[in-house]
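User: I would like to learn how to read the fold and the charge pairs of a model. Can you take me through one?

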Amino acid sequence: MLPFDVKLGTTPLELFTEIIPRTHRQLVPKHGDREELVVAVSVDGDQATSALRCVVRGAEITVTAVSGSAEPEAHIYLQLHADSLQAFLNDWATDKKYLPKFSPKGASIFTDPRVLRRIAHVTGSIELALPDFPGGRASLRAGAFGGRTARAKIDRDPDVIVESSNDVFDQLLAGTLRPEEALSDSRVTVTGRKMVALQFAFALAPFMS
């Protein structure tokens with residue numbers, strides 16, 4: 001289980017500016033990898049975390065707020081909803097049902113540059129959703145630009161939407177189901193360009209085998 005030190009009342013802003021950077025520095029080896037990877041994060045419904053620019057260089061992460069309405073240029077972008085993210089944070093501080101039960105194989109955490117590099121080379125955008133998540137539908141959108149930096153268009157429709165049942169999500173968190181296998185599961189619905197979903201799945205597959 002990833003050692004996220006989440007206390008009840010932790011906010012989305014604290015997750016991205018304190019907890020993830022601290023855990024990243026603890027787990028990612030200082031092996032001289034200085035390639036810069038930029039992740040843009042937006043959290044709908046949370047003004048404090050509305051736009052963040054996260055720069056990863058090896059074992060270091062620098063997180064800064066983005067002023068104004070313009071999306072920052074990034075290799076990868078993530079869009080989350082504040083209510084869903086807060087529900088996950090509350091769970092991570094208490095029951096830990098929705099905390100990943102495994103560490104990525106060949107990496108230490110999903111912010112490890114070895115993971116981000118593979119995701120960055122995907123071309124397209126995806127929405128991952130749990131329609132039956134407690135408290136309402138939970139979703140995350142992610143996009144990448146084939147290894148290039150570009151300005152994220154968060155408000156455009158994703159290339160593909162993947163909706164999963166809660167039990168499939170549990171298997172993914174446990175590391176007992178590979179992402180590309182999940183896409184063929186009858187409990188998962190794929191709408192749109194399945195090839196984009198497969199790109200994301202195969203980007204993550206080496207770390208989840």
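Analyst: We take the overall fold, then the salt bridges. Keep in mind that this is a predicted model.

User: What does the secondary structure of the protein come to?

Analyst: Six helices and ten strands.

User: Which radius of gyration would a compact globule with 209 residues have, and what does the protein have?

Analyst: A compact globule with 209 residues would have a radius near 17 Å. The protein has 16 Å, so the value agrees with that expectation. The C-alpha trace spans about 40 × 35 × 35 Å along its principal axes.

User: How many of the residues count as buried?

Analyst: Buried means under 20% relative accessible area. Of the 209 residues, 49% count as buried. The protein exposes about 9900 Å², and carbon and sulfur atoms supply 53% of that area.

User: Among contacts between residues at least 6 apart in sequence, what percentage join residues at least 24 apart?

Analyst: The share is 70%.

User: Now the charges. How many positive and negative side chains are there?

Analyst: There are 24 positive and 26 negative side chains. The centres of the two sets lie 6 Å apart.

User: How many salt bridges does the structure hold?

Analyst: The general idea comes before the count. Side chains of opposite charge can pair when their charged atoms come close. This structure holds 13 salt bridges.

User: Which side chain meets arginine 117 in a salt bridge?

Analyst: That of glutamate 35, at 3.0 Å from N to O. Arginine 117 lies in helix α3 (residues 113-120) and glutamate 35 in the loop between α1 and β1, so the pair ties together parts that are 82 residues apart in sequence.

User: Which side chain does arginine 141 meet in a salt bridge?

Analyst: Arginine 141 meets glutamate 127, at 2.8 Å from N to O. Arginine 141 is in strand β7 and glutamate 127 in strand β6, 14 residues apart. Glutamate 127 counts as buried, at 6% relative accessibility. Both residues belong to a network of salt bridges that links Glu127, Arg137, Arg141 and Glu163.

User: What about arginine 193: which residue forms a salt bridge with it?

Analyst: Aspartate 159, with the closest N and O atoms 3.8 Å apart. Arginine 193 is in the loop between β10 and α6, and aspartate 159 in the loop between β8 and β9, 34 residues apart. Arginine 193 is partly exposed at 49%, whereas aspartate 159 is buried at 18%.

Methods:
Residues numbered from 1 in each chain as written. Predicted model: local features only at pLDDT ≥ 70, side-chain atom pairs only at ≥ 80, totals over all residues. Heavy atoms only, no water. Helix = DSSP H or I, 4+ residues; strand = E, 2+ residues; numbered from the N terminus. Rg over C-alpha atoms; globule rule 2.2 N^0.38 Å. Buried < 20%, exposed > 50% of the residue type's maximum accessible area, 1.4 Å probe, protein only. Contact = heavy atoms within 4.5 Å. Areas by Shrake-Rupley, 256 points an atom, 1.4 Å probe, with all protein chains shown as cover. Lys, Arg positive; Asp, Glu negative; His and termini not counted. Charge placed at Lys NZ, Arg CZ, Asp CG, Glu CD. Salt bridge = Lys/Arg side-chain N within 4 Å of Asp/Glu carboxyl O.
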